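Have a look at the structure first, then read on.

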Amino acid sequence: MNIEHLLSAHADRTVRYAMTGAKGGFARTLLAQTTMMPRLDAGILCDLDTEGTRRLAIEVGLDADTLAICDTVEAVQEAIAAGRTAIVATPELIDPAGYDILVEATGNPAFGYRVSTDAITAGRHVAMVSKEVDSVVGIRLAALAREAGVVYTPASGDQPGNLVALVAWTRTLGFGIVAVGKSSEYDLVFDPATGTVTQLDTTIDAPELGDLLIAGDDIRATLDARAAAVSALPTGATADYCEMAVVATHTGYVSDTELMHYPVARISELADVYIPRADGGVLESEGVVEVFSALRTPDEASFAGGVFVIVRTHDGETWEVLRGKGHVVSRSGAYACIYLPYHLMGVETPITLLSAVLLGVPFGSAEPTRSVVLAGRAKYDIPAGTVLEMGGHHHDVTGVQAVLVPADRPEAAAAAPLYLAAHATLARDVAAGELIAIDDLTDHDPALLDAWLTDTPAR
């Protein structure tokens with residue numbers, strides 16, 4: 001697709017965005033890219049730390065004279081009229097006159113739902129970066145957007161947006177899709193010289209991986225051996241489950257298992273790993289979302305949190321030609337892996353913003369549906385009265401293991417979405433391994449619950 005050609009009819013139009021959560025890492029990447037794009041402006045930036053947001057904007061190249069910290073409606077209106085970027089601390093000051101599309105990046109479900117609803121009601125588009133918000137109320141927000149005649153969409157640059165777009169491309173070409181997914185955030189980097197494996201800033205001894213870099217004839221046995229070798233390292237971030245829940249919502253796919261498989265796999269093996277067990281792979285079913293831990297050596301390129309689709313090849317000879325050109329094809333020739341080894345965060349997001357505002361086109365489904373529930377099981381016995389705190393880089397919920405429960409299972413209807421449970425209080429004791437239900441919670445956000453139940457089949 002030639003995006004320049006598609007946008008050429010709107011060459012004289014500048015798109016302005018408002019962004020909530022404007023001081024985080026994602027915000028930095030979007031603001032930095034904005035300075036390189038004359039057709040894109042940051043109209044309003046909202047963050048509790050207004051001075052820090054201003055410093056960040058200046059660091060990435062915005063002119064200090066174009067930035068105005070505003071604490072009144074009148075000040076925001078003056079900034080908008082002067083063509084300056086208004087920096088505000090509260091959502092009440094996000095004036096719809098100052099933007100075409102909202103970029104929601106706080107990761108706060110209740111706040112994100114409120115500010116997105118306000119934007120849609122005001123006739124503005126919404127690009128949802130906060131997967132936590134999308135996992136609870138994305139379906140509701142999409143419905144509100146359709147009614148208002150605006151676009152609600154995941155954002156390109158984050159894995160859900162990139163993967164949903166790749167799925168759409170693959171479906172359009174007529175492929176039969178077996179599995180879709182992404183790599184976990186951090187690769188497993190094995191150094192043959194030292195016999196160690198490093199995940200981010202943690203290094204452990206794992207000399208046995210030296211004999212496991214090339215998978216044997218029984219790939220499941222190889223995967224089991226690798227998993228044992230790196231068992232001292234963490235597997236499965238809450239953020240991964242949340243992202244795959246968003247992908248499921250926009251594609252209709254489900255999870256093969258609640259915890260996903262998380263194989264320790266090489267990129268070149270994916271077309272042999274994510275195929276039915278009858279063909280030597282790990283899957284019990286097809287049309288599933290998945291995450292793998294990318295195993296590589298220090299001199300090999302990273303998968304970089306990229307995304308993939310596993311397809312049936314249909315014509316073997318065609319794919320033997322493509323195998324010869326370096327594409328990932330299964331040993332049998334029956335399956336192939338199509339992948340994008342990157343996600344560039346806010347560097348890519350302007351494509352979503354321009355597409356939504358100028359073309360009226362989302363990166364996700366216009367009518368997402370619930371195919372899985374991002375829920376939680378207690379990791380240990382949790383007593384009544386416990387507040388389920390959310391925090392950390394991956395927005396983990398203390399004491400709770402994220403799981404993906406297919407929506408057609410009986411327990412799914414009663415299950416509490418994970419980010420409705422976050423910051424809520426348990427009304428009863430929950431035993432280890434038990435699925436946390438909506439009825440187990442008190443002090444949860446009523447607006448989130450109402451939005452969730454609006455799109456939940458009757459229990």
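What volume does the largest pocket have? The largest pocket comes to about 1100 Å³, where a volume is the space filled by probe spheres set on grid points joined across faces, edges and corners. Please keep in mind that this is a predicted model, with local features needing pLDDT of at least 70, side-chain atom pairs counting only at pLDDT 80 or more, and totals for chains, interfaces and linings using all residues. Residues are numbered from 1 along each chain as its sequence is written, and side-chain values use heavy atoms, leaving out hydrogens and water.

**Pockets**

- A pocket here is an open set of points on a 1 Å grid over the protein atoms alone, where a 1.4 Å probe fits, with protein on both sides within 12 Å along at least five of seven lines; lining residues have an atom within 4 Å of a point.
- The largest pocket has 47 lining residues, and Lys131, Glu185, Ala239, His393 and His394 lie nearest its centre.
- Helix 9 (238-251) is among the elements giving two or more residues to that lining, and with four residues helix 9 provides the largest share. Helices are DSSP runs of H or I with at least four residues, numbered from the N terminus.
- By class, the lining of the largest pocket splits into 14 nonpolar, 21 polar and 12 charged residues; Ala, Val, Leu, Ile, Met, Phe, Trp, Tyr, Cys and Pro count as nonpolar, Asp, Glu, Lys and Arg as charged, and the others, Gly among them, as polar.
- The second largest pocket holds about 730 Å³ of space, and its 25 lining residues include Met1, Ala165, Leu166, Trp169 and Phe363, which lie nearest the centre.
- Helix 7 supplies the largest share of this second lining, eight residues, and the lining has 16 nonpolar, seven polar and two charged residues.

**Packing**

- Thr53, in helix 3 (residues 50-59), is buried at 0% relative accessible area; buried means under 20%, with a 1.4 Å probe and protein chains only.

**Cysteines**

- The model has zero disulfides, a disulfide being a pair of cysteine sulfur atoms within 2.5 Å.
- The sulfur of Cys46 is too far for a bond because the closest cysteine sulfur, in Cys70, is 12 Å away.
- Cys46 is buried, at 3% relative accessible area, and Cys337 counts as buried at 3%.

Note on methods:
Buried < 20%, exposed > 50% of the residue type's maximum accessible area, 1.4 Å probe, protein only.
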